[in-house]
Amino acid sequence: MIPRFRTRPEASGLGMTSQRARDRMVERLRSEGGIRDERVLTAMRTVPRHLFIDEALASRAYEDTALPIGCGQTISQPWVVARMTEALLEDGVPRRVLEVGTGSGYQAAVLAVLVPEVYSVERIDELLRQARRRFRKLGFENLRTRHDDGRSGWPDAAPFDAIIVTAAGTLIDPALVEQLAVGGVLVAPVGGSSGQQLVRLRKTAAGVEQESLGAVSFVPLVPGVG
């Protein structure tokens, strides 16, 4: 574990946002969600999800459900965050991870507890500004962000040992595969209105290997910046 953030009093929470609520969420992820990686479960127990959503929804922060964060976007349900993180770490802890779609910042924060360097790209300026305030408030030291079209990745920081995409495209953008190091792993939802699959891609010297990890539902990956 790489705990690179400051513990603030508000991170502890009260009642429905307390550490006990996080502990119950983690037990559900383990017993009902099938999450087995203790590193991931500890990160989920550590990061205060209630600080990544609107205060009016804070009492629902540790339910296993997606919640609105504005601008037509959502914070993914805890199980999805845990499953994608687990899939990314299965072959070992990557040193440098690119996240496409910062959103609320929660997935990036979970990753930043686990890996040395996290780079996160967000196309919606308002969401990115909010996420940056949260990162500063919690004192993350190993998390860099950028306002850009996520489909382009972060080419001047490539290659990455792992890439995680938090919105669904009809295919995995070749530019992202190009920025993945040989031996690296990319996890992304792929599909459209007829259905989506969580896909894990491994890049080898001989090409790419791809597998499906099951059905999911994400907001669409939209081009451009806003």
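1. V118 is buried, with a relative accessible area of 0%; buried here means under 20% relative accessible area, exposed over 50% and partly exposed in between, with a 1.4 Å probe and protein chains only. V118 sits in strand 4, where helices (H or I, at least four residues) and strands (E, at least two) are DSSP runs numbered from the N terminus. Leaving out residues up to four places away in sequence, V118 touches V97, A108, L111, A112, N142, L143 and R144, a contact being heavy atoms within 4.5 Å. V118 and G169 are 51 residues apart in sequence, and their C-alpha atoms are 22 Å apart in space.

2. A word on the ground rules: this is a predicted model, in which local features need pLDDT of at least 70 and side-chain atom pairs count only at pLDDT 80 or more, while totals for chains, interfaces and linings use all residues. Residues are numbered from 1 along each chain as its sequence is written, and side-chain values use heavy atoms, with hydrogens and water left out.

3. Now to the core. The largest nonpolar core has 52 residues, and M44, F52, L88, Y106, V110 and F140 have the most contacts inside it. Such a core is a set of buried Ala, Val, Leu, Ile, Met, Phe, Trp, Tyr and Cys residues joined through side-chain atoms within 4.5 Å. Helix 5 (residues 106-114) gives the most to this core, with eight residues. Another core lies apart from it, with 18 residues, among them L98, V121, F160 and V199. In soluble globular proteins, nonpolar side chains tend to be buried together.

4. How many residues of helix 5 are buried? Nine of the nine are, so helix 5 is largely enclosed by the rest of the structure. They run through Y106, Q107, A108, A109, V110, L111, A112, V113 and L114. Two of these, Y106 and A109, are also among the contacts of F52, which, beyond its neighbours within four places in sequence, include V47, I69, I75, R134, F135 and L138.

5. At 1.5 Å a residue, its 14 residues (125-138) should span 20 Å, and the end C-alpha atoms are 20 Å apart, which agrees; the expected span is 1.5 Å times one less than the number of residues. Buried in helix 6 are L127, L128, A131, R134, F135 and L138. Seen down the axis, these buried residues fall within an arc of 120°, so they line one face of the helix; the arc is that of the directions from the helix axis to the C-beta atoms. The cover over them includes strand 1, strand 2, helix 5, strand 4 and strand 5. Just after helix 6, G139 takes a positive phi of about 75°.

6. A search of the whole structure finds one cavity of 30 Å³ or more, and the largest cavity has a volume of about 60 Å³. Strand 7 (residues 180-192) gives the most to the lining of the largest cavity, with four residues. On a 1 Å grid over the protein atoms alone, a cavity is a set of points where a 1.4 Å probe fits but cannot get out, and a pocket is an open set with protein on both sides within 12 Å along at least five of seven lines; lining residues have an atom within 4 Å of a point. Grid points are joined across faces, edges and corners, and a volume is the space filled by probe spheres set on the points.

7. Two backbone details deserve a look. A cis peptide bond joins A158 and P159, with omega about 5°, and P159 lies in the loop between strand 5 (143-147) and strand 6 (160-165). C71, in the loop between strand 1 (67-70) and strand 2, has a phi near 60°, a positive value in a residue other than glycine. At 37% relative accessibility, C71 counts as partly exposed.
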